[in-house]
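Subject: Structure handover

Hello,

Here is the structure I promised to pass on. My notes follow below it.

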Amino acid sequence: MWRCRHASWLPQRIAVPMSVVFCIAVSAPGWSQGSISGVVRAAGSTAPLPDAIVTVSGSTQAARSGRDGRFAIGAAGGVHVIVVRRIGFQPDTLTNVIVSPPSTTSVVAELVHLTTKLDTVAVRSVATNIAVTGASPSV
């Protein structure tokens with residue numbers, strides 16, 4: 001069995017792993033992470049809008065509003081632009097949303113309903129030259 005003849009090896013064996021753990025803990029993203037929460041509503045009413053997509057511009061962070069229109073999304077500390085989208089509504093852009101970690105910033109997004117009217121499309125088909133081969137009628 002191998003033995004170290006010097007008593008100084010123990011502090012070095014402990015110091016190196018501890019310094020690595022300390023560096024990882026200090027640089028962990030959770031230390032500078034805050035959050036943005038809020039509600040998405042239809043403009044001019046208090047009706048919540050479910051299934052709206054909320055994104056933080058310049059990041060991959062995204063969330064979907066629930067049945068009550070509420071959402072929560074993680075964001076790094078700083079000033080952000082929040083974009084809220086939903087099918088059938090004009091997107092809402094919230095600028096200068098300030099996140100101060102580790103607190104939560106509250107916002108309200110109001111989406112304007114689009115008044116796009118779609119044209120009616122009628123589809124008609126006619127079957128011609130139908131041949132029945134090898135089939136026996138059965139009841």
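I start with one residue and its neighbours. Leaving aside residues up to four places away in sequence, Val97 touches Ile36, Gly78, Val79, His80, Ile82, Thr105 and Val107. Contact here means heavy atoms within 4.5 Å. Val97 sits in strand β7. Its relative accessibility is 6%, so Val97 counts as buried. The cut-offs are under 20% relative accessible area for buried, over 50% for exposed, and partly exposed in between (1.4 Å probe, protein chains only).

Some ground rules. This is a predicted model, in which local features need pLDDT of at least 70 and side-chain atom pairs count only at pLDDT 80 or more, while totals for chains, interfaces and linings use all residues. Residues are numbered from 1 along each chain as its sequence is written, and side-chain values use heavy atoms, with hydrogens and water left out.

Now the fold. The protein chain has one helix and eight strands. Along the sequence the pattern reads α-β-β-β-β-β-β-β-β. Helices (H or I, at least four residues) and strands (E, at least two) are DSSP runs, numbered from the N terminus.

Totals for the chain:

- Of the 139 residues in the protein chain, 22% are buried.
- Take the contacts between residues at least 6 apart in sequence: 54% of them join residues at least 24 apart.
- The accessible surface is about 10,800 Å², and carbon and sulfur atoms account for 59% of it. Areas come from the Shrake-Rupley method with a 1.4 Å probe; for residues, only the protein chains shown count as cover.

Then the backbone. Which residues other than glycine have a positive phi? Asn96 is one of them, with phi near 55°. Asp51 also has a positive phi, about 65°, and is not a glycine.

Where do they sit? Asn96 is in strand β7. Asp51 is in the loop between β1 (33-42) and β2 (53-56). Asn96 is exposed, at a relative accessible area of 59%. Asp51 is partly exposed, at 44% relative accessibility.

One peptide bond needs a look as well. The bond from Pro101 to Pro102 is cis, with omega near 0°. Pro102 belongs to the loop between β7 (92-99) and β8 (104-113).

Best wishes
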